[in-house]
Amino acid sequence: MTEPSAKPGVQDGLAFERPLNDLQTKIAELRKLNSGSHLELAGEIELLEDRLRRQTAEVYAQLSPWERVNVARHADRPLTSDYVQMMLDDFVELHGDRVFGEDRAIVTGLACMDGVRFLLVGHRKGKTVKDRLACNFGCAHPEGYRKAMQKMRLAEKMKLPIVTFINTPGAYPGIGAEERGQASAIARNILEIFELKVPVICIVIGEGGSGGALGIGVGDRVGMLENSYYSVISPEGCAAILWKSGDKAPEAADALKLTSKDLLRLGLVDKVIEEPLGGAHRDAKGAVERVKQQILEWVRELAAVPVPELLAQRYRKFRSMGTPISG
Amino acid sequence: MAWTRFGKKKDMPGGLWIKCESCGAMLFRKEFEQRNRVCGTCGYHFTLPARDRIAITADAGSFEEMWINLQAQDLLSFNDRVPYGEKLVQTRLKTGEHDAMVTGTCTVKGIPCAIGVMNFQFLGGSMGMVVGEKIALLCEMAAEKNLPVILFACSGGARMHEGAVSLMQMAKTCGALTKLNQKGVVSISVMTHPTTGGVTASFASVCDLLIAEPGALIGFAGPRVIATTIKKELPKGFQRSEFLLEKGQIDRIVPRAQMRDELARLLAYATGRDPVAAYKPLPVPVEAEVVAATAAVEAEPEAKPKKKAKQKKDA
Ligand SMILES: [Zn+2]
């Protein structure tokens, strides 16, 4: 899939994408001209395509952490809804937290994929402007976290593994959210997931925004897409506090060590799932397929682990994150 | 202008006077410290250093500190303007503490418990790997020894300098609390001013009992972040203890002067002891009966703080 997506790239401030997008546009134009069968043109196209591949690989190998944050936020990057659509053979969405309301910023439902049944929980950002507003840009309220927990308990009862898709700038900071216990809802989820007697798999597909991500982020296996990020605070927020200037977000992104490779090195995630060349936004199908294969592999792997051992491993995994020295 | 200058001068640590952050009254430092940093005019509860908190909570001499020497590693080589490693060294020198959490065992009015107290003086009480580890160790030890746990929260949230490692301490601490649940051991969280961010969104909110000091700022997001996001002024009293009680988020609000008695009472319920006795002064130890006369005099301060506080309020 090499449909050019030049505009969003520029508009997202992804400056490094511009030469790649220009090349893509040029190739597309030549292709149009080549509707006949000019041999020279075919050769030229091949040459350009080769250049595009090499250049994309080069650019993407050298992205700064801040540039990766922008890729993670790219408008064309596959969202939870894309995974639902492209990856699943069946999906029964389940709504509501049974207490207060329905939070569209988190989607939950029973899913079937290649004969494997599981509960899917994921942050939902929305595609259109209207959708984005309805989903509150992926910023969940306490209801969202409580809905997730209520469905996870259901999965436990049905003995279904749980797969979560993490993609949120953070839990919503608002009056209603605080009134209804945003902190408590997130904390309760984190604690209770440790007790769930079914395997839990988490995939960071875009933004891993702080507590809002961790609220559905405790898992037996945690994977991160190559160009996603996972951070204790947004680079903008960190820059505002420590550098006293939001403009220093690139510096903050650098300092926070929030890329998938960093998280892997720090032992905070189990695996980096490689994206197709030039990022998931250039090849959604390719990205979705890789995530799907990873989920299937982990589901099979974890199904073999006895429940007490599963819970003990889950605890040990998070217990060993960030071990102080004895001075 | 003159007033501001006067205020600033007298706010200096060790100065004779201190200005109340809430009502602006000038407080005589000695009296202010005697009230355990509660404003005599408006009742505002100032942040209390961890050691002072332990001193007014634990029975005298009963606190045994554990895991004193744990120190953070600078896994990120974090550098804003001062490298994190250097910042840690400076803060250790300034505070005399290794990190933002003091943990150990003690008795509260004779009832043994595990206790963890956050220290706001250490980088805003931020939670990094040391805070997370100490809470985990404390809970694991308490689960094993069947000791109820008291955790005093006082924190601006996760420690940015430790990046996602600090975020994962939320998981570590919540996971550790499940160890208590498995053994039926009770945990009490006391949220003090301020308790926000990753600390509120983890262990502080999922203990069995949630207590708050009056007027404490408690929340997930900071008020400034919320105000900027919603572009509105926040309602009065928003995210304060009283607001949380009203919204059903906490069990009780307990003033500092009554905290020790109240904790003893809850610990009594949690461990099958007499809650009524928890309000009484400690019984005189048998060995001390010989010197009963002196013991009686010594035992007095145990019963006094409540009365003292009352007298001052009346005056
Ligand atoms: Zn005052």
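In this predicted model, 45 residues of chain A are in contact with 51 residues of chain B. On the chain A side, H9(A) provides the largest share, eight residues, and by class the side of chain A that touches chain B has 28 nonpolar, 11 polar and six charged residues.

**Domains of chain A**

- The domain assignment divides chain A into domain 1 (6-62) and domain 2 (70-319), and the C-alpha centres of these two domains of chain A lie 33 Å apart.
- Nine residues of domain 1 of chain A are in contact with nine residues of domain 2 of chain A, and on the domain 1 side helix H3 (residues 39-61) of chain A gives the most, with four residues.
- Classified by residue type, the side of domain 1 of chain A that touches domain 2 of chain A has five nonpolar, two polar and two charged residues.

**Chain B overall and its domains**

- Chain B has 10 helices and 11 strands, and 45% of its 315 residues count as buried.
- Among contacts in chain B between residues at least 6 apart in sequence, 64% join residues that are at least 24 apart.
- For chain B the domain assignment gives domain 1 (1-44) and domain 2 (47-280), with 26 Å separating the centres of the two domains, taken over C-alpha atoms.
- The contact between them takes five residues from domain 1 of chain B and six residues from domain 2 of chain B, and the domain 1 side has two nonpolar, two polar and one charged residues.

**Helix H5 of chain B**

- Helix H5 (residues 129-145) of chain B has 17 residues and reaches 24 Å from its first C-alpha to its last, close to the 24 Å expected at 1.5 Å a residue.
- Because 12 of the 17 residues of H5(B) are buried, this helix is largely enclosed by the rest of the structure; among the buried residues are Met129(B), Glu133(B), Lys134(B), Leu138(B), Cys139(B) and Ala143(B).
- The buried residues of H5(B) pack against S4, strand S5 (101-108), strand S6 (111-118), strand S7 (149-155) and helix H6 (163-183) of chain B, together with H15 of chain A.
- Following H5(B) comes Asn146(B), whose phi is positive, near 60°.

**Val38 of chain B**

- Val38(B) lies in the loop between helix H2 (29-34) and helix H3 (50-57) of chain B, and Val38(B) counts as buried because 24 other C-beta atoms lie within 10 Å, the cut-off being 20 or more.
- Leaving aside neighbours within four places in sequence, the residues in contact with Val38(B) are Gly43(B), Tyr44(B), His45(B), Phe46(B) and Arg256(B).
- Val38(B) and Asp274(B) are 236 residues apart in sequence and, C-alpha to C-alpha, 30 Å apart in space.

Conventions: Residues are numbered from 1 along each chain as its sequence is written. Chains are lettered from A and ligands numbered from 1 in the order in which they are written. This is a predicted model: local features need pLDDT of at least 70, side-chain atom pairs count only at pLDDT 80 or more; totals for chains, interfaces and linings use all residues. Two residues are in contact if their C-beta atoms, placed from the backbone, lie within 7 Å. Helices (H or I, at least four residues) and strands (E, at least two) are DSSP runs, numbered from the N terminus. Ala, Val, Leu, Ile, Met, Phe, Trp, Tyr, Cys and Pro count as nonpolar, Asp, Glu, Lys and Arg as charged, and the others, Gly among them, as polar. Domain bounds come from an automatic or database domain assignment. The expected span of a helix is 1.5 Å times one less than its number of residues.
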